[in-house]
Amino acid sequence: MVGHRAADTPGYRTMTVEARPPAGSPVDASASREGPAASDSRLESMPELAVLAAGVSKRFDDKDVVQDLTFQIGRGQIFGIVGPSGCGKTTTIRMMLGVLKPSGGELLLMGRPPHLFRRRDRQRLGYMPQLFVLFPELSVWENLNFAASIYGMGWFSRGKRLESALDIVELGDARSRPAGQLSGGMQRRLELACVLVHEPDVLFLDEPTAGIDPVLRAKFWDHFRELRDAGRTLIITTQYVTESEYCDRVAVMRDGRLIAIGSPEEVRRQAMGGEAIRVTGPDLDRRAVTAIRGVEGVIRVRRSDDDALEVIAEDAGRAVPDLLEALAAADVEVTEVEEQRPSFDDVFVRLMEAAGGRGE
Ligand SMILES: Nc1ncnc2c1ncn2[C@@H]1O[C@H](COP(=O)(O)OP(=O)(O)OP(=O)(O)O)[C@@H](O)[C@H]1O
Ligand SMILES: [Mg+2]
């Protein structure tokens with residue numbers, strides 16, 4: 001789990017990672033046009049935005065559990081919120097849903113403050129809480145039917161939608177089984193079906209994949225992508241850092257603050273301070289380091305535990321041929337110069353280190 005990994009990491013450094021959407025993303029383009037604190041009426045002209053948060057905070061008693069969140073979520077995206085236990089993911093989701101009112105800042109969902117939503121607005125939302133409660137004595141179908149009734153769906157329109165929700169999570173064959181007799185993974189699938197039944201535009205899924213096996217998790221992500229491709233907006237929290245890779249955009253939180261945000265690639269770049277290249281060879285001495293430092297676009301060089309050189313460059317693709325040339329000119333023998341793509345586990349640990357403390 002994320003929290004353990006971060007908490008176990010020694011040697012924290014301090015560095016600030018900018019918590020602003022990186023330039024160039026479609027959402028950003030609108031941000032620069034309108035500014036982060038756009039008013040309701042201006043948001044009406046930003047129909048591509050599902051969520052706008054500007055300096056949002058939440059205080060419980062005398063504790064700031066969420067601080068100064070500024071981000072945007074475009075419609076038709078999978079937006080991930082990743083972070084260790086207690087970092088404020090659920091609180092953020094609850095504010096977006098209008099269950100909690102922010103203590104400060106501005107938060108708009110589909111152009112309006114969510115705590116002022118009326119029933120009609122809420123019907124466009126789906127929420128899968130972290131701890132969903134199914135009725136164990138009721139069958140799969142009856143649980144689904146109950147969810148449909150909560151959302152005010154009429155009897156006649158219900159049947160088809162129930163079937164379709166069951167289809168999506170592949171529980172058609174289990175429709176008559178009591179929910180209490182299903183495996184944990186099947187229950188989680190039924191919970192997902194319960195939030196899909198009224199075909200919401202925006203789905204909030206709070207750790208939907210927690211505690212389920214990797215095969216089923218991959219299936220869940222297939223479902224999420226299908227829903228996204230059908231035009232839905234999905235806001236998903238997870239403690240599985242590797243799932244960041246499946247999101248269109250990801251926000252990394254720590255201690256109630258946003259420490260990185262962007263596409264997975266952009267977050268990787270933010271964490272590493274550039275793009276990573278690994279240089280290996282039989283004798284990479286000081287000459288090699290000097291030659292590498294002289295290459296345009298190289299940000300830093302450091303020796304790894306296995307005596308390779310780790311290079312961070314602005315653009316790895318451009319730097320690799322230049323590095324080869326510079327090392328050859330300096331008469332340094334090289335085995336390999338290879339672009340690296342750090343895993344999201346590494347990216348996450350770096351971000352937590354850079355934010356200057358333990359993950360939990
Ligand atoms: N109603 C509340 N009253 C007081 N403190 C709260 C309340 N809800 C949450 N908190 C505190 O806010 C912090 C963030 O909690 P939150 O549930 O948002 O974290 P999380 O990132 O969802 O964690 P997890 O991954 O364990 O679900 C925690 O310290 C929690 O104890
Ligand atoms: Mg939570």
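A: Let's start where helix 10 passes helix 13, in a left-handed crossing (the near helix is turned anticlockwise from the far one by less than a right angle; clockwise would be right-handed). Keep in mind that this is a predicted model, in which local features need pLDDT of at least 70, side-chain atom pairs count only at pLDDT 80 or more, and totals for chains, interfaces and linings use all residues. Residues are numbered from 1 along each chain as its sequence is written, while chains are lettered from A and ligands numbered from 1 in the order in which they are written.

Helix 10 covers residues 264–272 and helix 13 covers residues 344–354 (helices are DSSP runs of H or I with at least four residues, strands are E runs with at least two, and both are numbered from the N terminus). The axes of these two helices lie 9 Å apart, and the packing angle is about 50° (axes are lines fitted to C-alpha atoms, for helices over the stretch in contact, and angles run from 0 to 180 degrees between N-to-C directions). Helix 10 is therefore oblique to helix 13 (under 35 degrees is roughly parallel, over 145 roughly antiparallel, 65 to 115 roughly perpendicular, and the rest oblique).

Which residues of the two helices meet? From helix 10 come V267, R268, A271 and M272, and facing them in helix 13 are V347, R350 and L351 (contact means C-beta atoms, placed from the backbone, within 7 Å). Sorted by class, this contact has 5 nonpolar residues, no polar ones and 2 charged ones (Ala, Val, Leu, Ile, Met, Phe, Trp, Tyr, Cys and Pro are nonpolar, Asp, Glu, Lys and Arg charged, the others, Gly among them, polar).

Now step from helix 10 to its sheet. Helix 10 also lies across strand 8 (249–254) and strand 9, running at about 120° to strand 9. Both strands belong to an open, mixed sheet of 6 strands with the order 5-6-7-3-8-9 (strands pair if DSSP finds at least two bridges between them). At the edges are strand 5 (125–128) and strand 9 (257–262), each pairing on one side only. On average, and ignoring direction, neighbouring strands here are turned by 15° against each other. One place to look is G126, whose bridge partner in strand 6 is L203. Another helix, helix 9 (residues 214–229), packs on this sheet as well: it touches strand 3 (78–82), strand 6 and strand 7 (233–238), and its direction makes about 155° with that of strand 7.

Next, visit ligand 1. Its surroundings include F60, V65, G83, S85, G86, C87, G88, K89, T90, T91, Q130 and Q239 (a residue counts as near if its C-beta atom, placed from the backbone, lies within 6 Å). Helix 4 (residues 89–97) gives the largest share of this shell, 3 residues. By class, the shell holds 3 nonpolar, 8 polar and 1 charged residues.

The model has another sheet to explore, an open one of 4 strands in the order 11-12-10-13, paired in the antiparallel sense. Its edge strands are strand 11 (298–303) and strand 13 (336–340), and each pairs on one side only. From one strand to the next, the twist averages 20°. Strand 11 is joined to strand 12 (residues 309–313) by 5 bridges in the antiparallel sense, and R303 stands opposite L309 of strand 12. Helix 11 (residues 286–293) packs on this sheet, where it touches strand 10 (275–280), strand 11 and strand 12, and its direction makes about 165° with that of strand 11.

Helix 11 has a helix partner too. Its axis and that of helix 12 (residues 316–329) come within 9 Å and cross at roughly 135°, which means that helix 11 is oblique to helix 12. This crossing is right-handed. A288, A291 and I292 of helix 11 meet L323, A326 and L327 of helix 12, a contact with 6 nonpolar residues, no polar and no charged ones.
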